Amino acid sequence: MQQTLTGQIKKINAGQLAQLFEFTRKHYVEYYDLQCELADHLAHSIEQRWEEEPSLSFDEALQAEFKKFGIFGFSDIVAERQNALFKRYYRLVWHEFRSAFTPPLILIILATALGMYCCMMAWHYSYSVFMLGFFVISTWRLSYISRQYRRNLKKTGRKWLFEEIIFNCGGFGVMMTVPIQFVNFVLENKLTQVSAMAISVILTLLFIYDHVVLFRMPATAKTHLKKVYPEYDMENLA
Amino acid sequence: MKNSQLYKGSLTTIIMKLLEENGRMYGYEITQKVKLITAGELNITEGALYPALHKLEADGHLDVEVEKVDNRMRKYYKLTESGKTETVNRLTELEGFIKNMQTLVARAALKPEY
């Protein structure tokens, strides 16, 4: 192992490590989990380079090592990490969604779908009541958990990608447009028995999805986060 | 990584094989190990390594452990049970591919010229 002129093996110190975190932030890595991994990688590779070229300054070594990440820098890594964690999120959502279809709950689900169907057949415009209910509950809950997330973020100062996905409900906004697609059936008086039944079933499934992403997932966020990030507790309590 | 689709397509298999042999490894260690084994012939770029590791993790083939080393958080990757099975499958597939390619290349070399 090569040493400096003073006989010391050059190592990354606390100040330089902080600079590495700052460097990742400047290169659009806003998530702490990725910052940690990339800062450690850069630190290790800089130390390795110092063993071969001990006279190199920290900045020179950093620039040389960053070049190895290619022309897109960290952006590909961030994008792929987002894809990977979204995939993991939706797998968890699917698991929770399926767990709603157990014997006692199935009866409630069927009763809800049948209740909506009967209401819509009796008075077509009752659909707007269900739609409004869906919007009000979703918007209220979405803003509540967003506030909760921002408060937590302010407290810890650390942004974890999977936490952001959970508290943004995996981009729930798109799902909120689904009930609007059926408005034409009601307004143009095209609501038949079949379409009313289909709408009731779709709305019921949407309510379950709504419950999973807006209530279940944020409530169990800590458990999921600890599985994805073994360091989550360690870092957030530090 | 060497600029060839052949290598790029095998990146995850290379990572899984290394993890199978070494138990657990961190990103930088994987790049150095590949360089060492291939005597510098094969160089896995960081831009390709981390997306591959994160994808394998999301697919449930890798598990992570985090340790504080030199005051830094170091993330280690190791194979899960499904990862171990997947490694065996991918290696078998790769061996079959290599065997078929060798046969094809050897036959092409023996083909008489008309």
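Before reading off any order of elements, I noted that helices and strands are DSSP runs, numbered from the N terminus; a helix needs at least four residues and a strand at least two. I also reminded myself that this is a predicted model.

**Entry 1: chain B, element by element.** I looked up chain B and found five helices and three strands. Starting at the N terminus, I read the order as α-α-β-α-α-β-β-α.

**Entry 2: the outline of chain B.** I looked up the radius of gyration of chain B and got 17 Å, while a compact globule of 114 residues would come out near 13 Å. Along the principal axes, its C-alpha atoms take up a box of roughly 70 × 30 × 20 Å. I also saw that 27% of the 114 residues in chain B are buried.

**Entry 3: chain A for comparison.** What is the secondary structure of chain A? I counted 11 helices and zero strands. The box around its C-alpha atoms is roughly 90 × 35 × 30 Å along the principal axes. Buried residues are 27% of the 238 in chain A.

**Entry 4: contacts along the sequence.** I took the contacts between residues at least 6 apart in chain B, and 50% of them join residues at least 24 apart. In chain A, residues 24 or more positions apart make up 75% of the contacts with a separation of 6 or more.

**Entry 5: the cores.** Which residues touch the most other members of the largest nonpolar core? I found B:Ile15 and B:Leu53, in a core of 56 residues. Helix 2 (residues 32–52) of chain A gives this core its largest share, nine residues. Domain 1 (14–69) and domain 2 (75–237) of chain A each contribute at least three residues to this core. I then found a second, separate core of nine residues, among them A:Tyr127 and A:Phe207.

Going back to B:Ile15, I left aside its neighbours within four places in sequence and listed its contacts as B:Ile30, B:Ala52, B:Leu53 and B:Leu56.

**Entry 6: where the chains meet.** I looked up the contacts between the chains: 20 residues of chain B touch 25 residues of chain A. Which helix of chain B gives the most to this side? I found helix 4, with eight residues. By type, the chain B residues that touch chain A are seven nonpolar, five polar and eight charged.

Note on methods. Residues are numbered from 1 along each chain as its sequence is written. Chains are lettered from A and ligands numbered from 1 in the order in which they are written. This is a predicted model: local features need pLDDT of at least 70, side-chain atom pairs count only at pLDDT 80 or more; totals for chains, interfaces and linings use all residues. The radius of gyration is taken over C-alpha atoms; the globule rule is 2.2 Å times the number of residues to the power 0.38. A residue is buried if 20 or more other C-beta atoms lie within 10 Å of its own, exposed if 12 or fewer, and partly exposed in between; C-beta atoms are placed from the backbone. Two residues are in contact if their C-beta atoms, placed from the backbone, lie within 7 Å. A nonpolar core is a set of buried Ala, Val, Leu, Ile, Met, Phe, Trp, Tyr and Cys residues joined through C-beta atoms within 7 Å. Domain bounds come from an automatic or database domain assignment. Ala, Val, Leu, Ile, Met, Phe, Trp, Tyr, Cys and Pro count as nonpolar, Asp, Glu, Lys and Arg as charged, and the others, Gly among them, as polar.
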